[in-house]
Amino acid sequence: MSRSPPNATLLVIGGGYVGLALAARARAAGWTLRLTTRSAARAATLRAAGLGEVAQLDLTEADTGARIAALASGVRQVVCLLPPSAGIDAANSLAPWIQLCAVLSSLPDLESAVMASSTAVYGDQAGATVNADTPCAPDTPRAQRLYDLETHWLARTGNRVVRLAGLYGPGRIVGAAGLQRGEAVSGEMDAWLNLIHRSDAAALLLRCLAPGGAAVELGCDGAPVVRRHYYQYLAAQLGLAAPSFSGLPAARGSASRRCSPALTIARTGWQPQYRDFRAGLAAGPLPLPLGKTPD
Ligand SMILES: NC(=O)c1ccc[n+]([C@@H]2O[C@H](COP(=O)([O-])OP(=O)(O)OC[C@H]3O[C@@H](n4cnc5c(N)ncnc54)[C@H](OP(=O)(O)O)[C@@H]3O)[C@@H](O)[C@H]2O)c1
């Protein structure tokens, strides 16, 4: 957790799956929060959670520069949890993201700003181990875009990037919905899968608000799993038949690398609470079988 005093204001841009967990954790630690979302429905959910001010913001709409400046007024820390698509305009340029970065760079009171990125930027490493300092080799358009977003973000001194592995936790289990629909699993079944529980990701992002750390950190549980083994275990936990693999390419690719958090743990003092996906799944709740409702 950052050393900022309690009641310092933290702006969370993107109050989605991780944003909600991060906000709850930060609120419990005494932060004053501002959260953004695009939709009125999500804004109502976030307000009902009582975590702080909630504002609607869509980076791709006109005049967002002024809106971000107003939202960030007096803010000391920012965590940005936007998907890569949020920084792209209709002409497929990074103009909205560049504008966001420019506004943040102009804020006199801003101490630190952390952006969530993805381990996808490391590209396919043929199963080799990567850590936060491994050179990037983006090998898909999405990974290249993420890498470009990171580059703009890091142009401001003090900004930091946390590259996250596949997120899972309550309400979101990687691959569960497809298994429940009886679909064959796409992608390379012997590639390595890297995961991080949502609450561990939230804790690391907050930890990286502390001043003076490395520009880039890597968030994962440190227990990569072969995809075939992951899906077999998950199917068994869900009470489903063993999965089949289609042999078709996965929508997001299935680059093989083993992510290590060791360097990030050494530099930040953060530790994942859930050391592998089995521990995280055991913490539950697992999705219910299709058609079942809670008792
Ligand atoms: N999911 C993964 O496995 C994974 C893996 C590695 C890294 N990451 C990164 O981790 C971060 C958090 O992921 P998440 O799963 O919490 O994402 P999420 O649940 O999809 O939440 C994304 C948030 O960004 C907001 N947003 C989307 N487009 C926007 C736009 N054009 N303008 C303004 N706000 C916009 C969404 O608004 P609404 O609330 O209106 O939807 C939502 O609040 C993201 O940066 C993601 O790229 C995710």
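These legends describe close-up views of a predicted model.

**View 1. The whole chain.** The protein chain has 295 residues, and its radius of gyration of 19 Å agrees with the value near 19 Å for a compact globule of that length. Its C-alpha atoms fill a box of roughly 55 × 45 × 40 Å along the principal axes. The secondary structure comes to ten helices and 13 strands. Of the 295 residues, 43% count as buried.

View 2. Strand β4 covers residues 77-80. Q77 and V79 lie on one side. V78 and C80 lie on the other. All four are buried, and both faces of the strand are covered. In a regular strand, side chains alternate between the two faces of the sheet.

**View 3. Strand β4 and its partners.** Strand β1, residues 9-13, pairs with β4 in the parallel sense. Four bridges link β1 and β4. Within this pairing, V12 has V79 of β4 as its bridge partner. Strand β5, residues 112-118, also runs parallel to β4. Four bridges join β4 and β5. Here V78 has A113 of β5 as its bridge partner.

**View 4. The largest nonpolar core.** In soluble globular proteins, nonpolar side chains tend to be buried together. The largest nonpolar core of this model has 77 residues. V12, L22, V78, V79, C80 and L205 touch the most other members. Three of these names, V78, V79 and C80, come from the buried strand β4.

**View 5. The surroundings of L205.** L205 is among the core residues that touch the most other members. Which residues is L205 in contact with, leaving aside its neighbours within four places in sequence? The contacts are L22, V79, V114, A116 and V162. Of these, L22 and V79 also stand among the core members with the most contacts to other members.

**View 6. The shell around the ligand.** The ligand is surrounded by 23 residues. The closest are G14, G16, Y17, V18 and R38. Elements giving two or more residues to the shell are α1 (17-28), β5 and β8 (166-168). Which of them gives the most? Helix α1 does, with three residues.

Methods
Residues are numbered from 1 along each chain as its sequence is written. This is a predicted model: local features need pLDDT of at least 70, side-chain atom pairs count only at pLDDT 80 or more; totals for chains, interfaces and linings use all residues. A nonpolar core is a set of buried Ala, Val, Leu, Ile, Met, Phe, Trp, Tyr and Cys residues joined through C-beta atoms within 7 Å. A residue is buried if 20 or more other C-beta atoms lie within 10 Å of its own, exposed if 12 or fewer, and partly exposed in between; C-beta atoms are placed from the backbone. Two residues are in contact if their C-beta atoms, placed from the backbone, lie within 7 Å. Two strands pair if DSSP finds at least two bridges between them. The radius of gyration is taken over C-alpha atoms; the globule rule is 2.2 Å times the number of residues to the power 0.38. A residue is near a molecule or strand if its C-beta atom, placed from the backbone, lies within 6 Å of it.
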